[in-house]
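Here is a briefing for a first look at the side-chain contacts. Please have the structure open as you read.

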Amino acid sequence: MKIKNLTTSFRVLDDYYAAVDNVTLTVNKNEVLAIVGESGSGKSALAFSIMGLHNRAKIEGTLDFKGQNIAKYSQGKLNKLRGKEMAMIFQDSLSALNPLMIVGAQIDEALLLHNSSMSKKDRKVRVIDFLSKVGIPRPEKTYEQYPHELSGGMRQRVVIAMAIANQPELLIADEPTTALDVTIQAQILDLIKDLKDDMRAGIILITHDLGVVAEMADRVAVMYAGQIVEIADVYSLFSSPQHPYTRSLLNSLPNSAETKTKLHVIQGVVPPLHKMPREGCRFRHRIPWIDESSHEENPELHEIKPGHFVRCTCYKDFYFPDKHKEASGNGAT
Amino acid sequence: MALLEVKDLKVHFPIRGGIFNTVVDQVKAVDGVNFSIEPGQTYGLVGESGSGKTTTGRAVIGLNKITSGDVLFEGHNLAKGGRKSHLNVRKDIQMIFQDPYSSLNPKKRVADIVAEPLRNFEKLTKKEERVRVEELMELVGLSTEAIFKYPHEFSGGQRQRIGIARAIALKPKLIIADEPVSALDVSVQAQVLNFMQEIQKELGLTYLFISHDLGIVRHICDHIGIMYKGRYVEQGASEDIFTNPQHIYTKRLVSAIPDLDPNRRESLTVKRQQAKKDFDELSDKFFDEEGLPYPLKPISDSHLVALPEKG
Ligand SMILES: Nc1ncnc2c1ncn2[C@@H]1O[C@H](COP(=O)(O)OP(=O)(O)OP(=O)(O)O)[C@@H](O)[C@H]1O
Ligand SMILES: Nc1ncnc2c1ncn2[C@@H]1O[C@H](COP(=O)(O)OP(=O)(O)OP(=O)(O)O)[C@@H](O)[C@H]1O
Ligand code: SF4
Ligand SMILES: [Mg+2]
Ligand SMILES: [Mg+2]
């Protein structure tokens with residue numbers, strides 16, 4: 001999948017505002033591309049745009065999937081792709097399931113869509129097998145249950161089973177494990193890895209859990225306010241993060257070596273769409289201690305090393321005020 | 001003396017059924033839990049989903065009926081006598097809820113939300129109440145104008161602060177925090193965790209911190225209890241649990257924590273597979289015939305593990 005200059009705009013009040021702003025990204029076969037960023041940075045909007053699931057938004061740019069521009073596809077044509085060649089695990093699992101249908105029948109329906117030759121009995125065996133693969137303890141029982149009879153974590157696993165049932169070539173997983181405890185999370189992540197290793201699938205993994213990213217991703221794109229601010233292979237991103245935003249995110253995590261310390265807090269919040277600054281760097285107001293003159297006017301993505309792109313020019317001079325104080329003794333606040 | 005001591009706590013929920021709607025079975029949500037928390041400490045309660053963490057917290061604060069066992073708060077047994085008889089003690093224990101989006105009444109203004117416990121327990125004039133609410137808002141780092149707003153006008157982190165302001169309004173001694181940051185972004189998470197640690201020092205608070213994020217638990221907890229199917233499998237100082245886990249379930253839990261260094265991926269996968277294999281193979285030894293953990297046995301001054309009689 002090659003995403004080129006994708007812009008997704010929503011109508012807020014009387015105007016359109018871009019939640020995804022001119023994003024260019026490639027996901028290869030046999031690759032996990034992670035997308036990280038705070039709440040509201042546009043990760044889900046990007047995922048929905050790729051799947052063609054935004055009906056109210058204005059979408060520009062091209063989505064090249066195996067040589068075809070699917071941005072131009074009709075919903076009918078997209079329906080043939082979705083669920084088979086490309087599938088998505090939704091952040092909100094409850095809304096992804098039909099409340100009036102037992103979950104077994106829902107996964108069966110997904111299977112049938114693309115395996116019309118399979119017998120009913122074989123499909124049932126297959127569905128139960130998938131339910132047990134995603135860690136559901138009594139799959140035969142769960143097969144017969146309605147979504148509301150399951151806990152949040154169980155529902156999430158059903159949605160995952162449904163998405164991988166047809167072994168898609170492109171899987172978009174939007175916060176797939178946020179609702180799950182760590183042992184189940186590890187199991188689900190293994191399944192996603194299998195899909196990549198066995199089927200050579202391309203995977204877009206959206207999450208704000210940087211631990212999951214460190215474990216799963218081949219490459220990582222950091223998104224802030226609708227834009228990609230940094231993209232690199234996973235090793236470079238964690239060993240030498242460059243953009244002030246990436247560094248701030250990594251810095252805010254608890255670290256096992258220092259307990260009970262104060263964690264770094266990124267000042268302020270992601271501005272709502274209609275208040276987003278459209279000129280200059282969007283992260284600027286959250287690092288107010290950096291001198292205005294060291295920022296660039298309209299930062300573009302620069303390739304600082306093969307495959308490592310940063311939308312920043314001041315990154316070399318960037319510092320955190322508290323660390324700076326310790327280092328130089330003069331208090332920058 | 002421990003601030004809170006929980007002894008052989010059991011909370012069973014009846015399952016009703018049949019034509020007469022009689023009790024046909026029990027969910028043993030909490031089934032014999034023991035722990036105690038020293039004043040000023042943070043005690044972490046972790047475990048798989050459905051293991052009874054929330055039920056334990058709710059039982060301590062009196063939101064779940066206790067089937068049997070004792071809950072001693074500064075020596076008062078909260079499990080005995082009705083709710084009313086412990087009214088004075090009740091205001092010393094408050095709870096922060098998991099979801100900052102649904103735990104605040106959307107129809108009430110912040111001033112009313114924060115003042116609610118004050119109205120229940122203290123008779124203040126309108127003016128005194130206003131002063132107290134404003135003090136609380138300042139304490140949690142929100143502007144005093146914010147009291148006229150409604151919850152939806154705040155971000156997740158700000159809403160969680162409003163929940164905290166409400167919880168500390170009566171100057172409690174113990175706060176039960178049930179997944180207080182799970183629904184929040186990393187940066188907001190950091191903000192709320194820092195803040196909880198600050199007011200802990202300032203007000204001398206004690207926390208019962210329920211979470212399934214072991215990275216966070218490690219960061220802020222002094223002692224940790226690990227629950228599995230309504231019981232404890234292990235308890236110890238933070239160090240004991242993270243550097244020297246003994247029970248197969250704890251080992252599995254600890255090995256499942258994602259690591260921030262991508263270079264350790266392979267070694268972690270190996271470790272994790274080994275922990276899973278041990279868990280599957282040694283289940284018979286570590287759990288009784290019903291698949292439940294054994295009672296805890298001390299293996300050091302601070303460290304207890306659920307091991308069978310024979311050792
Ligand atoms: N259908 C919509 N109409 C209007 N605005 C929208 C719509 N969907 C998303 N937005 C806005 O677009 C921005 C990006 O939202 P998005 O859901 O993509 O964030 P996200 O990165 O997925 O966040 P989270 O981590 O909370 O899921 C937000 O400001 C959001 O309010
Ligand atoms: N009011 C109730 N009636 C019947 N069963 C209940 C009730 N409350 C909880 N349970 C059951 O008790 C068990 C423990 O639930 P509890 O909410 O304490 O788990 P938890 O450890 O907090 O899990 P999670 O991490 O998912 O929040 C579960 O099996 C749950 O279904
Ligand atoms: S150099 Fe540019 S991208 Fe980097 S922080 Fe400054 S304004 Fe933002
Ligand atoms: Mg999202
Ligand atoms: Mg709970």
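The notes below go through aromatic rings, charges and a metal site.

This is a predicted model, in which local features need pLDDT of at least 70 and side-chain atom pairs count only at pLDDT 80 or more, while totals for chains, interfaces and linings use all residues. Residues are numbered from 1 along each chain as its sequence is written, chains are lettered from A and ligands numbered from 1 in the order in which they are written, and side-chain values use heavy atoms, with hydrogens and water left out.

**Aromatic pairs**

- The whole structure holds 13 aromatic pairs over all chains. Rings of Phe, Tyr and Trp (its six-membered ring) pair if their centres lie within 6.5 Å; planes under 30 degrees apart count as stacked, over 60 as edge-to-face and the rest as tilted.
- A:Y224 and A:Y245 are a tilted pair, because their planes stand at 55°, with the centres 4.6 Å apart. This pair links distant parts of the chain: A:Y224 is in strand β9 of chain A and A:Y245 in helix α11 of chain A, 21 residues apart. Helices (H or I, at least four residues) and strands (E, at least two) are DSSP runs, numbered from the N terminus.
- A:Y224 is buried at 1% relative accessibility, and A:Y245 is buried at 0%. Buried means under 20% relative accessible area, exposed over 50%, partly exposed in between (1.4 Å probe, protein chains only).
- B:Y228 and B:F279 pair edge-to-face, 6.4 Å centre to centre and with 75° between the planes. B:Y228 lies in strand β9 of chain B and B:F279 in helix α10 of chain B, so the pair ties together parts 51 residues apart in sequence.
- B:Y228 is buried at 9% relative accessibility. B:F279 is buried too, with a relative accessible area of 9%.
- B:Y228 and B:F279 belong to one aromatic cluster with B:Y249 and B:F287.

**Charges over rings**

- A:K133 lies over the face of A:F130, 5.3 Å from the ring centre. The rule asks for NZ of Lys or CZ of Arg within 6 Å of the ring centre and within 35 degrees of the ring normal.
- B:R161 lies over the face of B:F195, at 5.1 Å from the ring centre.

**Magnesium site**

- A:S44 (OG) and A:Q91 (OE1) coordinate the magnesium ion (ligand 4) at 1.9 to 2.3 Å. Donors are N, O and S atoms within 2.8 Å of the metal (3.2 Å for Na, K and Ca); water is not among the atoms, so sites may look incomplete.
- A:Q91 is partly exposed, at 45% relative accessibility.

**Salt bridges**

- The count is 26 salt bridges over all chains. Each is a side-chain nitrogen of Lys or Arg within 4 Å of a carboxyl oxygen of Asp or Glu.
- A:E144 and A:K124 meet in a salt bridge at 3.5 Å, N to O. A:E144 is partly exposed at 44%, and A:K124 is partly exposed at 33%.
- A:D218 and A:K196 meet in a salt bridge at 3.0 Å, N to O. A:D218 is partly exposed at 25%, whereas A:K196 is buried at 13%.
- B:D31 and B:R231 form a salt bridge at 3.2 Å, N to O. B:D31 in strand β2 and B:R231 in strand β10 of chain B are 200 residues apart.
- A:K66, A:E85 and A:E169 are joined into one network by salt bridges that share partners.
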